[in-house]
Amino acid sequence: MDLLAKLATTAERHARMKFLGGDAVGVVNEKLISPTRALIDGRETILAGTNNYMGITFDAECIAAGQKALAEFGTGTTGSRIANGSFALHKQLETEFATFLDRKHCIVFTTGYQANLGMMSGLAGSRDTIYLDADSHSSIYDGCTLSGAKLVRFRHNDAADLDKRLTRGEEDGGGKLVVLEGIYSMMGDRAPLADFIEVKKKHGFQLLVDEAHSFGVLGPHGRGLADEAGLEKEVDFVVGTFSKSVGAIGGFGAGDHPYFEYLRYAMRPYMFTASSSPASIATSLAAIRKLAAEPQRRKKLAENSARLFHGFKDLGLELGCDVVSPVVAVRCPDEPLTISMWGALLKAGVYVNIALPPGTPNKLCLLRCSVSAAHSDAEIDRIIELFGAVVAQGHGKKVANG
Ligand code: PMP
């Protein structure tokens with residue numbers, strides 16, 4: 001039996017995608033021109049699907065910090081922090097970042113994916129129950145599987161449904177961890193945090209919020225949804241990534257629990273993988289300092305997000321959610337139309353993400369845009385114009401409401 005035979009349907013689906021609109025899952029950026037522009041298929045293209053929310057990837061000070069760390073600490077760490085020890089840079093980032101987050105403790109991971117894997121599996125074990133929002137990111141689901149905890153899914157953003165399921169599970173014993181996201185990565189909507197905290201008061205679970213898409217974006221300090229809602233003290237654990245607003249690579253978990261530091265010895269995705277490279281750590285630290293010092297980036301991102309959101313609304317496009325967010329998802333009627341529209345947009349000069357089932361909530365087909373503070377008004381207007389043109393050409397006629 002050929003183990004790869006099961007990939008035949010994937011191969012067929014991929015071939016169909018290439019025929020209908022192009023290789024939407026194999027795009028190559030031949031050259032990066034700026035945080036918002038790249039050369040793709042030899043054409044200068046506006047990037048509207050990078051999660052580069054702060055547009056910080058080409059910041060001169062961040063690049064210099066990465067180069068200095070490369071020269072001083074070398075290209076890699078060549079091992080895990082448990083086996084090989086930490087570099088001073090890891091410690092410096094954790095200390096400074098904990099202060100930025102207003103948390104007692106912070107643990108840095110090699111990626112955001114590993115941060116969720118580590119935190120879920122470190123916090124919960126086989127006697128515990130993890131309550132997940134149905135639309136949770138795959139890293140949260142995978143972390144749950146790794147933990148061996150009982151998994152209970154509640155309806156997306158539905159605190160009453162969580163309440164019902166917690167009541168049902170009262171006799172289960174063990175600890176209870178509820179996991180939410182600040183901004184949901186596909187639709188751009190936010191968790192109604194205050195409603196969930198009411199349920200927390202009633203049932204007494206521990207709460208973790210993944211601020212991957214909201215860190216740097218929301219709140220007076222840029223710490224995310226809980227910061228914006230003034231509810232950080234009600235959130236026990238925060239997880240996030242350095243791959244979006246921070247423009248580097250890495251992840252973090254943070255909290256105030258007196259045993260938090262001992263999670264380092266209970267998280268396989270922290271213990272059994274090499275720690276982040278000196279350049280990544282130094283770049284992340286420089287970027288976080290920058291985000292703290294330059295709140296105007298957040299303001300510009302909010303303005304750009306509103307410009308794209310309202311521009312799309314004016315075209316009559318049906319969007320992922322009704323609130324302005326740097327994640328602006330356009331709902332499309334079916335897979336072939338989504339692919340052909342994606343291909344037409346790329347040829348016209350704008351790159352967006354394609355999101356298809358099973359990777360989307362409710363089997364939706366989406367063209368997902370992410371806005372950057374570095375987009376100029378002209379770039380945002382061009383994205384809107386190109387979506388309008390592609391819909392008008394018939395690639396996505398049924399996409400528009402009107
Ligand atoms: N959590 C969420 C909500 C995400 O969207 C992502 C990545 N898209 C991650 C975690 C993982 O982060 P990273 O890509 O940095 O590993």
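Predicted model: local features only at pLDDT ≥ 70, side-chain atom pairs only at ≥ 80, totals over all residues.
Visitor: How many charged residues are in the lining of the largest cavity?
Guide: The lining includes Leu 101, Val 209, Ala 226, Val 235 and Val 238. It also includes Arg 103, Glu 211, Arg 223 and Glu 232. By class, five residues of this lining are nonpolar and none is polar, while the charged ones number four.

Visitor: How many cavities of 30 Å³ or more are there?
Guide: The largest cavity holds about 70 Å³. With the cut-off at 30 Å³ or more, the count is two.

Visitor: Which helix and strand each supply at least two residues of the lining of the second largest cavity?
Guide: Among the residues lining this cavity are Val 108 and Phe 109, and also Pro 269 and Tyr 270. Strand β4 spans 105-109 and helix α10 spans 268-271. The elements that each supply at least two lining residues are α10 and β4.

Visitor: What is the make-up of the second largest cavity's lining by class?
Guide: Ser 80, Thr 110 and Ser 276 are among its lining residues, as is Arg 81. Sorted by class, the lining has five nonpolar residues, five polar and one charged.

Visitor: Which residues that line the largest pocket are the closest to its centre?
Guide: The largest pocket holds about 810 Å³ of space. It is lined by 38 residues, and those closest to the centre are Asp 135, Ser 136, His 137, Ser 185 and Met 186.

Visitor: Which domains each give at least three residues to the lining of the largest pocket?
Guide: By class, this lining divides into eleven nonpolar, 18 polar and nine charged residues. Helices α5 (112-123) and α6 (138-147) and strand β9 (237-241) each supply at least two of its residues. At least three residues come from each of domain 1 (5-57 + 295-392) and domain 2 (60-293).

Visitor: What is the handedness of the crossing where α13 passes α14?
Guide: As α13 passes α14, the crossing is right-handed.

Terms used:
Residues numbered from 1 in each chain as written. Heavy atoms only, no water. 1 Å grid on protein atoms, 1.4 Å probe; cavity = no way out; pocket = protein on both sides within 12 Å on 5 of 7 lines; lining within 4 Å. Points joined across faces, edges and corners; volume = space filled by probe spheres on them. Nonpolar A, V, L, I, M, F, W, Y, C, P; charged D, E, K, R; others polar. Helix = DSSP H or I, 4+ residues; strand = E, 2+ residues; numbered from the N terminus. Domains from an automatic or database assignment. Left-handed = near helix turned anticlockwise from the far one by under 90°.
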